[in-house]
Amino acid sequence: MDETPLADAVLNPWFTVLGITFGALVVMLVAKRLILGRLLRLTDRSRYQFDSLFISALPWPLTFLILLFSLILLKTLSVHYELALPYLATYSGIAEYILVIAAVVVFVDRLCAGAITQYSEHSEALRSSRTILKGVSRGIIWGLGLLVLLGTLGISITPIIASLGITSLAVALALQPTLENFFSGVQLVMDKPIRVGDFIELDSGEQGFVEKIGWRSTWIRMLPNNMVIMPNSALSQSKIINYYYPQKELSVPVEVGVHYDSDLDHVERVALEVAREVLRTHEWGVPEYNTFVLFHTFDNSSINFTVMLRAKEYFNRFWVKSAFMKLLHKRFAEEGITIPYPIRAINLDQEQVREAFESRNSEEKRQPPRGPESIRTDEAS
């Protein structure tokens with residue numbers, strides 16, 4: 001008695017249509033996952049880049065196409081089994097258009113984003129502008145996809161475009177500071193005064209590494225590991241020192257002073273030996289740099305000269321200079337070269353200072369001591 005309802009349920013057209021549709025959907029999703037995984041492993045071993053980008057952009061578009069095929073299968077089976085599905089017949093065409101356009105838009109969007117990400121690893125310009133380029137390309141692609149979808153659905157897009165023009169003017173006036181920062185960011189990306197990873201100094205005195213150039217602001221990580229968030233409009237109009245442009249290497253001048261009795265040729269020879277040894281042995285020195293010494297000042301207590309070193313980066317110059325100063329101090333002590341203390345001599349004979357002082361002391365000695373009565377007389381007067 002229980003077999004008849006079960007048999008009727010199994011042979012029910014609704015059960016058959018939904019079962020076949022759901023089974024086909026699951027099979028296609030599993031097949032998509034297996035096939036794409038296999039293709040990704042194959043393209044990773046390829047020397048070409050476009051095939052990897054193409055396969056990486058396929059998962060979501062294929063999902064939309066699988067949903068589209070499942071919808072078509074459901075509609076076909078419902079017609080075959082003569083099932084009344086008024087809503088499916090009415091809205092299936094719209095759903096098919098939406099799925100097709102969504103698949104195309106998502107595929108193009110993921111392909112462009114992947115291309116920007118991959119090629120930015122080999123280009124300084126793209127690395128600095130990756131965030132902005134992704135945002136601009138995504139806005140253009142989705143905007144065009146929405147207009148195509150509206151046109152496909154029979155909605156006139158001419159009034160929408162006209163309204164967008166008027167709305168854009170109002171939005172531009174309302175968002176003038178934001179748009180100014182945005183276009184200043186585009187200017188920084190195109191002109192490339194700074195790049196992501198550069199060590200820069202602002203005209204306000206802050207120093208740090210450029211962490212990110214965004215839509216509205218540029219993030220600068222300072223040496224204490226905190227962030228300076230600078231609006232792009234202010235940054236594009238300020239004076240910037242880029243210590244990584246045109247190259248990271250930079251000169252490191254070191255000021256030294258020696259005694260007036262020193263043999264300057266010997267001093268120069270020892271300083272050059274120490275400088276060359278530091279540049280050759282230190283991990284952040286530039287060994288091929290032709291260092292030199294320049295004497296430039298007869299100071300109050302010393303003859304001053306400059307030793308020019310070279311460091312691989314701005315941040316490394318402190319360690320190179322420190323290593324040179326320690327080794328130079330040791331070599332000067334071994335060679336008998338004196339680095340003098342500041343000396344100040346007071347000439348008491350000049351302008352008869354000593355005579356005036358001695359005459360005053362002699363007058364004070366010749367005057368008799370004053371008694372209590374003379375002091376009371378002075379107070380009374």
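Select strand β3 (residues 217-222) together with β4: they pair in the antiparallel sense over five bridges. Two strands count as paired if DSSP finds at least two bridges between them. Strands (E, at least two residues) and helices (H or I, at least four) are DSSP runs, numbered from the N terminus. Within this pairing, Ser 217 has Pro 231 in β4 as its bridge partner.

Before going further, please note the basis of the tour: this is a predicted model, in which local features need pLDDT of at least 70 and side-chain atom pairs count only at pLDDT 80 or more, whereas totals for chains, interfaces and linings use all residues. Residues are numbered from 1 along each chain as its sequence is written, and side-chain values use heavy atoms, with hydrogens and water left out.

Now extend the selection to the whole sheet. It is an open sheet of five strands in the order β4-β3-β2-β1-β5, with antiparallel pairing. β4 (227-231) and β5 are the edge strands; each has a single partner strand, so one side of each is left without a neighbour in the sheet. On average, neighbouring strands here are turned by 40° against each other, direction ignored; axes are lines fitted to C-alpha atoms, for helices over the stretch in contact, and angles run from 0 to 180 degrees between N-to-C directions.

Next, select Asn 225, in the loop between β3 and β4. Asn 225 has a positive phi of about 75° although it is not a glycine. Is Asn 225 buried or exposed? Its relative accessibility is 59%, so it counts as exposed; buried means under 20% relative accessible area, exposed over 50%, and partly exposed in between (1.4 Å probe, protein chains only).

Then display Lys 212 and Trp 219. Lys 212 lies over the face of Trp 219, at 4.4 Å from the ring centre. The criterion is that NZ of Lys or CZ of Arg is within 6 Å of the ring centre and within 35 degrees of the ring normal.

**Second stop: aromatic rings**

Rings of Phe, Tyr and Trp (its six-membered ring) pair if their centres lie within 6.5 Å; planes under 30 degrees apart count as stacked, over 60 as edge-to-face and the rest as tilted. By this rule the count comes to twelve aromatic pairs. One of them is Phe 199 with Tyr 243, a tilted pair with 5.9 Å from centre to centre and 45° between the planes. This pair links distant parts of the chain, 44 residues apart: Phe 199 is in strand β1 (residues 199-202), and Tyr 243 is in the loop between β5 (240-242) and β6 (250-258). Both Phe 199 and Tyr 243 are buried.

Compare Trp 284 and Trp 319, whose ring centres are 5.6 Å apart with planes at 65°, so the pair is edge-to-face. Trp 284 is in the loop between α11 (264-281) and β7 (292-298), while Trp 319 is in helix α12 (residues 317-335). Trp 284 is partly exposed at 27% relative accessible area, and Trp 319 is partly exposed at 41%.

Select Phe 199, Phe 209, Tyr 243, Tyr 244, Tyr 314 and Phe 318 to show a cluster linked by ring pairs.

The loop between β5 and β6 also holds Pro 246. A cis peptide bond joins Tyr 245 and Pro 246, with omega about 5°.

β7 and strand β8 (residues 303-311) pair over six bridges, and Phe 295 has Phe 305 in β8 as its bridge partner.

Contact means heavy atoms within 4.5 Å.

**Last stop: confidence**

Colour the chain by pLDDT, the predictor's confidence in each residue, from 0 to 100. The protein chain averages 81, and 81% of the residues score at least 70. Over residues 6-10 the pLDDT is below 50, and this stretch has three contacts beyond near neighbours in sequence. Where pLDDT is low, the predicted coordinates should not be read in detail.
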